Amino acid sequence: MTTLNLPPYDVRLGGTRSQPTIFDTLRRRYVSLTPEEWVRQHFVHFLIDEKGYPPTLLANEVSLKIGEKSLRADTVLYDTDLRPRMIVEYKAPTVALTQKVFEQVATYNLLLHVDFLVVSNGLVHYCCRMDYERGSYEFLTDIPEYSRLKS
């Protein structure tokens, strides 16, 4: 797999050579190892190990429904009252983070109305803070530490 612009962690691989798997610490099971999943697992560990995010407030593959369409947000951070605070969307390292990717995460936010939107392909990461009062957003220079997220 591709070396990412994220700290390494103790990866747990399984499966077979033709169908490799990686352990998902949030779902507590092995899942198919795809390039996007490689990014997801590294980013989740980055949030937990480096940024202090509580694993109990993070969820992977969160089901959403917009009209008749079923969608899945890659990772959602909740607050202690279980209100969504952050959506993280992952792409494979070979996928550019285009306007279409931002539109995808913005669509999820129509339902979740979070404070932070993050997109990452494991090499490049973007984070923006939503300002609903002004109807705008601000790109941040880094992913915020969990302790710095305003209530």
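Predicted model: local features only at pLDDT ≥ 70, side-chain atom pairs only at ≥ 80, totals over all residues.
Which residue in the turn of the hairpin formed by strand 2 and strand 3 has a positive phi? Arg28 does, at about 55 degrees, and 4 residues lie between the two strands. Residues are numbered from 1 along each chain as its sequence is written, and side-chain values use heavy atoms, with hydrogens and water left out.

Strands here are DSSP runs of E, at least two residues, and helices are runs of H or I, at least four residues, both numbered from the N terminus. Strand 2 (residues 20-24) and strand 3 (residues 29-32) run antiparallel and are joined by 4 bridges, where pairing requires that DSSP finds at least two bridges. Within this pair, Asp24 stands opposite Arg29.

Asp24 also brings us to Arg40, since the residues in contact with Arg40 (heavy atoms within 4.5 Å), leaving aside neighbours within four places in sequence, include Asp24, Arg27 and Tyr90. Arg40 lies in helix 1, residues 35-50, and counts as buried because its relative accessibility is 3%, the cut-off being under 20% relative accessible area with a 1.4 Å probe, protein chains only. Its side chain makes polar contacts with the side chains of Glu37, at 2.9 Å, and Glu61, at 2.8 Å; such a contact is a pair of N or O atoms within 3.5 Å, and within protein one must be able to donate a hydrogen and the other to accept it, with residues adjacent in sequence counting only if both atoms are side-chain atoms.

Definitions and conventions:
Buried < 20%, exposed > 50% of the residue type's maximum accessible area, 1.4 Å probe, protein only.
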